[in-house]
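Hi everyone, thanks for coming. Have a look at the next slide for a moment, and then I'll talk you through it.

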Amino acid sequence: MIPTRYDYYRARAREHRTLAARATDADQRSMHDRLVGAYTELARKYALRQTVSLRT
């Protein structure tokens, strides 16, 4: 199965969340936290949305 953009961005967010938790330096932790936020926002943007059709 080919991953969607949503899957890719969620995986990157998880990866950086783990790196932030392991970071010993405050600057590194801050950088990873910012990347988590950015990737989470991108994942939210590309999340699959249910299509609704109206019939008249």
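This is a predicted model: local features need pLDDT of at least 70, side-chain atom pairs count only at pLDDT 80 or more; totals for chains, interfaces and linings use all residues.

Residues are numbered from 1 along each chain as its sequence is written, and side-chain values use heavy atoms, with hydrogens and water left out.

Let's start with helix 2, residues 26–45. By helix I mean a DSSP run of H or I with at least four residues, numbered from the N terminus. Helix 2 has 20 residues and reaches 29 Å from first C-alpha to last, close to the 28 Å expected at 1.5 Å a residue. That expected span is 1.5 Å times one less than the number of residues.

So which residues of helix 2 are buried? They are H32, V36, Y39, T40 and A43. Seen down the axis of helix 2, the buried residues fall within an arc of 105°, so they line one face. The arc is taken from the directions from the helix axis to the C-beta atoms. Buried here is under 20% relative accessible area, exposed is over 50%, and partly exposed is in between, with a 1.4 Å probe and protein chains only.

Zoom in on T40, which sits in helix 2. T40 has a relative accessible area of 14%, so it's buried. Leaving aside neighbours within four places in sequence, T40 is in contact (heavy atoms within 4.5 Å) with R10, A13 and R17.

Now, how many salt bridges does a search of the whole structure find? It finds 2, where a salt bridge is a side-chain nitrogen of Lys or Arg within 4 Å of a carboxyl oxygen of Asp or Glu.

One joins E15 and R12, at 2.8 Å from N to O. E15 and R12 are 3 residues apart in helix 1, so about one helical turn separates them. Both count as partly exposed, E15 at 36% relative accessibility and R12 at 22%.

R44 and E41 form a salt bridge too, their closest N and O atoms 2.9 Å apart. R44 and E41 both lie in helix 2, 3 residues apart, about one turn. R44 is partly exposed at 48%, and E41 is partly exposed at 46%.

Why does that spacing work? An α-helix has 3.6 residues a turn, so residues three or four places apart point the same way.

Technical notes:
Helices (H or I, at least four residues) and strands (E, at least two) are DSSP runs, numbered from the N terminus.
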